[in-house]
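Subject: Structure handover

Hello,

Here is the structure I promised to send over. Please load it first, then read my notes below.

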Amino acid sequence: MVDKISAPYVPTCEELKTIKAHFKDDKDWKNEKFDGFKSNLITDLRLKQDNKCCYCKWELGYDIKNVDIEHIIPKSKYSQFTFNPKNLALSCPGCNTSKSFKNVLHKPVKLYPRGGTNIMIVHAHFDDYKECIEIHDGAIYEGLDDAGKGCDTIKICKLHRMKKVLKKMRKANAQKSPVKSLVESLRTATKEEQQELADLVVQLINNSAGN
Ligand SMILES: [Zn+2]
């Protein structure tokens, strides 16, 4: 299956009226009049993006702080695209912050692009993620396509950071639940490691019996 957003969000008539009445430039994005539009857009895109960040593909959290509405072409440079549904996708706050307002266009544009050719990174509405990036072990990103979209996305969104994030998460989990971590280690261990771990378990049991 193609990994891109099947169709952009379609604003309601009411939302379009609000946009028309209250949007002048990108700074208006923060206006609370658009809260309803944002909330509906998030609900719609969560489903279409399988609740995953459009850049790192990690699961998006359900708290509002754990999901960002990402302007693929930065709204600070192209304020006319601030409410263009094709320019909007969901990302994790980490990817959004890393990408910031970096340029993503090969050449400047006047109208919104109709396809991904002029865009340096994987465009969630135009490009098939699977053709551009392969993720190994959940956090190692490999650029695949000749156009270099995969590599540029990895660079611009600093996806190499996810390896560290995963390591920290595993460490935190191990501290929270040593048994769970032991089970996980057993599951992924080689034959020799399994024997070592089994010896460790016997040792732990003996220790606790002696106490
Ligand atoms: Zn992300």
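**The β1/β2 pair**

Asp68 stands opposite Ser91 in β2. That position belongs to the pairing of β1 with β2, which run antiparallel and are joined by four bridges. Keep in mind that this is a predicted model.

β2 is covered on both faces. Leu88 and Leu90 are buried on one side. Ala89 and Ser91 are buried on the other.

**The core**

Which residues touch the most other members of the largest nonpolar core? They are Cys53, Tyr55, Cys56, Ala89, Leu90 and Leu159, in a core of 31 residues. Three elements, α2 (35-48), β2 (88-91) and α4 (129-132), each supply at least two of its residues. β2 gives the most, with three.

Tyr55 is worth a look. Beyond its neighbours within four places in sequence, Tyr55 is in contact with Ser91, Cys95, Thr153, Cys157 and Leu159. Ser91 is the residue that Asp68 stands opposite. Leu159 is itself among the core residues that touch the most other members.

Ala124 sits in the loop between α3 (93-99) and α4. Is Ala124 buried or exposed? It counts as buried, because it has 26 C-beta neighbours inside 10 Å and the cut-off for burial is 20 or more. Leaving out residues up to four places away in sequence, Ala124 touches Lys4, Ile5, Cys54, Ile72 and Ala89. Ala89 is one of the buried residues of β2.

Strand β3 (residues 133-136) pairs with strand β4 (residues 140-143). The sense is antiparallel, over four bridges. Glu134 stands opposite Glu142 in β4. Three residues lie between the strands of this hairpin, and Asp137 takes a positive phi near 50°.

- Lys57 has a positive phi of about 70°, although it is not a glycine. It lies in the loop between α2 and β1 (68-71). Lys57 counts as buried, with 20 C-beta neighbours inside 10 Å.
- Lys158 has a positive phi of about 50°, and it is not a glycine either. It is found in the loop between α5 (149-156) and α6. Lys158 is partly exposed, with 16 other C-beta atoms within 10 Å.

Lys24 is in the loop between α1 (13-22) and α2. It is exposed, with 9 other C-beta atoms within 10 Å. The C-alpha atoms of Lys24 and Ser79 are separated by 8.5 Å, although the two residues are 55 apart along the chain.

Helix α6 covers residues 161-176, 16 residues in total. From its first C-alpha to its last it reaches 23 Å. That is close to the 22 Å expected at 1.5 Å a residue. How many of its 16 residues are buried? The count is one, so α6 is hardly covered.

The domain assignment gives domain 1 (13-164) and domain 2 (177-210). Their C-alpha centres lie 43 Å apart. For another distance, take Ala124 and Gln175: they are 51 residues apart in sequence and 36 Å apart in space, C-alpha to C-alpha.

**The whole chain**

The secondary structure comes to eight helices and four strands. From the N terminus on, the order is α-α-β-β-α-α-β-β-α-α-α-α. Why is the protein described as more spread out than a compact globule? Its radius of gyration is 22 Å, well over the 17 Å that the globule rule gives for 211 residues.

The C-alpha atoms fill a box of roughly 75 × 40 × 30 Å, taken along the principal axes. Buried residues make up 25% of the 211 residues. Among contacts between residues at least 6 apart in sequence, 55% join residues at least 24 apart.

Best regards

Definitions and conventions:
Residues are numbered from 1 along each chain as its sequence is written. This is a predicted model: local features need pLDDT of at least 70, side-chain atom pairs count only at pLDDT 80 or more; totals for chains, interfaces and linings use all residues. Domain bounds come from an automatic or database domain assignment. The expected span of a helix is 1.5 Å times one less than its number of residues. A residue is buried if 20 or more other C-beta atoms lie within 10 Å of its own, exposed if 12 or fewer, and partly exposed in between; C-beta atoms are placed from the backbone. Two strands pair if DSSP finds at least two bridges between them. A nonpolar core is a set of buried Ala, Val, Leu, Ile, Met, Phe, Trp, Tyr and Cys residues joined through C-beta atoms within 7 Å. Two residues are in contact if their C-beta atoms, placed from the backbone, lie within 7 Å. The radius of gyration is taken over C-alpha atoms; the globule rule is 2.2 Å times the number of residues to the power 0.38.
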